[in-house]
Amino acid sequence: ISLIWCSASLILLYSGLLLPDSRVTYQLLEPVTTLFFIYLASIITIGFMIRTEQHIQNRHSLRITLIMISILLFISIYGVAVLTGSKANILNSLSTANLIFFACMVGNWMTAPLKRPAEIVPLCIIVFFADLFSVFAGPTKHLARNISEYYQGGMQGPPPIVDSLLVKVAVPGVEFLMPVFGVSDWIIIAFLSAAAHKFSLNDNILGKRLNETKLLSVFHFCPVALAGLIVSIMAARTANIFLPALPFIVTLYLVFMMIKYPE
């Protein structure tokens, strides 16, 4: 995961710096590269779900060990950034790859207690209202203000810890990787996709269910939860305001799945 993500991030980042520095170039390529990285993260996540998860789903000690390693890596990367003041793109890309791996591990694990598809509904409702409360009156409101001030202030001083919890992508013409969404958003996307897979439900908006015998099938798979994230990003940028992604993700997922599987 780290090799794939870091390679793609650094190649597109430094290739983008070679392009003409213009607002038009940025406006044309910024959404394209953002969608590319979201799609890449989706391929990694779905590939993890159908290939890696089957080897660890009943090995809880191994999963906990891997999660702890991921947390230690997160602490180490953040510690280096704070102590050295480094804003190296390789650190940010490695941090993002680690967040995606962490989200895959946790999101798939969250499906373990589920006994039937209907149990997904109350979980989505809880996520919906919890995220809204957090954004408008809870901790996310303050974290969003901190991260906004950090980037608007030219990234001066050590980054706030919330910066290390954001998935970052390469943007044409921008010297540093830029945040797009939080790790909590991707945990829920991984969870919803894994839950649909567990109960043999098709959440692919492009057509058929995943074919576990064909790894290439992940390239023709776009989970509806991912579409919710894309809609939230588009809405936020169109309105030029901060919008929480999780309400979009769970709402689109529930509407799609309840229409397709009303029972």
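Ring pairs join Trp5, Phe36 and Phe37 into a cluster, where rings of Phe, Tyr and Trp (its six-membered ring) count as paired if their centres lie within 6.5 Å. The model is a predicted one, in which local features need pLDDT of at least 70 and side-chain atom pairs count only at pLDDT 80 or more, while totals for chains, interfaces and linings use all residues. Residues are numbered from 1 along each chain as its sequence is written, and side-chain values use heavy atoms, with hydrogens and water left out.

The structure holds five aromatic pairs. One of them, between Trp5 and Phe37, is tilted, with 5.3 Å centre to centre and 55 degrees between the planes; planes under 30 degrees apart count as stacked, over 60 as edge-to-face and the rest as tilted. Trp5 belongs to helix H1 (residues 2-16) and Phe37 to helix H2 (residues 23-56), so this pair ties together parts that are 32 residues apart in sequence. Helices here are DSSP runs (H or I, at least four residues), as are strands (E, at least two), numbered from the N terminus. Phe36 and Phe37 form an edge-to-face pair, at 5.2 Å centre to centre and 75 degrees between the planes. Trp5 and Phe37 are both buried, a label for under 20% relative accessible area, with exposed meaning over 50% and partly exposed in between (1.4 Å probe, protein chains only). Phe37 has a relative accessible area of 1%, whereas Phe36 is partly exposed at 35%.

Turning to the backbone, Ser200 has a phi near 60 degrees, a positive value in a residue other than glycine. For context, most residues other than glycine have a negative phi. Ser200 sits in the loop between helix H7 (183-198) and helix H8 (224-239), and is partly exposed, with 45% relative accessibility.

As for the chain as a whole, nine helices and two strands make up its secondary structure, in the order α-α-α-α-α-α-β-β-α-α-α along the sequence. Its radius of gyration, taken over C-alpha atoms, is 18 Å, close to the 18 Å that the globule rule gives for 263 residues, so the chain is as compact as a globular protein of that length; the rule is 2.2 Å times the number of residues to the power 0.38. The C-alpha atoms fill a box of roughly 50 × 40 × 40 Å along the principal axes. Of the 263 residues, 46% count as buried. Among contacts (heavy atoms within 4.5 Å) between residues at least 6 apart in sequence, 74% join residues at least 24 apart.
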